[in-house]
Amino acid sequence: MKALLQRVSSAHVSVDQTLISSIGSGVVVFLAVLRGDGQDQAEWLAHKIVRYRMFPSDHRPMDLSLADTNGEALVVPQFTLAARTTKGNRPDFSQAMAPNDAHHLFKHFVNSMQQVHAAVKTGSFQENMQVSLVNDGPVTILLSREPTSDQE
C-alpha cells in the first residue's frame with residue numbers, strides 16, 4: 001500500500017464539475033492499494049498518517065501531527081501510484097489490486113483513519129476526479145507498507 005501525502009492549506013475534489021469533498025488545513029492522501037495488501041497494511045498506514053509529524057510548531061518545521069493540529073484529511077484513491085516505470089515508456093499497473101477488492105480495502109483504510117481522527121473526507125473511487133490543492137511548504141512525503149514488512 002502506498003500513500004503520497006501532501007500538506008495543504010486547502011484542497012477539494014470534483015467529479016463532473018460537482019464538488020464532492022473539500023478540506024481546509026491538513027493533508028491530502030493519495031492512496032494506492034497493491035496486490036497482496038490487506039487490512040493490516042491499511043490500519044497501520046492509516047494510524048501512521050494521523051501520527052506523522054509533518055506540521056510546524058513554534059520550535060521545529062516538522063514537529064506536529066494531523067492529530068496535534070486538528071487538521072483535516074482528504075483521502076483520494078490513486079491507483080496510478082502503483083505504476084511500475086522501469087521498462088518502456090508506458091506505466092505498468094500490474095501491481096494494482098483488482099478494483100472491487102481495492103475499493104473494499106480503500107474503505108477499510110478510510111474507516112481505520114476515521115476511528116483515530118474524525119476529520120476525514122474522501123474522493124470518489126473509480127471516477128475521473130479533478131483534485132485542486134494548495135501544497136503548504138511544499139511538503140510531499142511518500143509512505144508505504146509492504147504486506148510482509150517488519151516496519152514500525
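Axes here are lines fitted to C-alpha atoms, for helices over the stretch in contact, and angles run from 0 to 180 degrees between N-to-C directions. The model is a predicted one.

Q: What makes H1 oblique to H3?
A: H1 and H3 pack at about 40 degrees, with 8 Å between their axes. Angles under 35 degrees would count as roughly parallel and 65 to 115 as roughly perpendicular, so H1 is oblique to H3. The crossing of H1 and H3 is right-handed.

Q: Which residues of H1 and H3 meet?
A: From H1 come Gln 39, Ala 42, Glu 43, Leu 45, Ala 46, His 47, Ile 49 and Val 50, and they meet His 104, Leu 105, His 108, Phe 109, Ser 112, Met 113 and Val 116 of H3. By class, the residues of this contact are nine nonpolar, five polar and one charged.

Q: Why is Gln 6 called buried?
A: Buried means under 20% relative accessible area; Gln 6 has 14%, so Gln 6 is buried.

Q: Where does Gln 6 lie, and which residues is Gln 6 in contact with, leaving aside neighbours within four places in sequence?
A: Gln 6 belongs to strand E1, residues 2-15. With those neighbours left aside, its contacts include Val 27, Phe 30, Met 54, Leu 133 and Val 139.

Methods:
Residues are numbered from 1 along each chain as its sequence is written. This is a predicted model: local features need pLDDT of at least 70, side-chain atom pairs count only at pLDDT 80 or more; totals for chains, interfaces and linings use all residues. Side-chain values use heavy atoms; hydrogens and water are left out. Helices (H or I, at least four residues) and strands (E, at least two) are DSSP runs, numbered from the N terminus. Buried means under 20% relative accessible area, exposed over 50%, partly exposed in between (1.4 Å probe, protein chains only). Contact means heavy atoms within 4.5 Å. Angles under 35 degrees count as roughly parallel, over 145 as roughly antiparallel, 65 to 115 as roughly perpendicular and the rest as oblique. A crossing is left-handed if the near helix is turned anticlockwise from the far one by less than a right angle, and right-handed if clockwise. Ala, Val, Leu, Ile, Met, Phe, Trp, Tyr, Cys and Pro count as nonpolar, Asp, Glu, Lys and Arg as charged, and the others, Gly among them, as polar.
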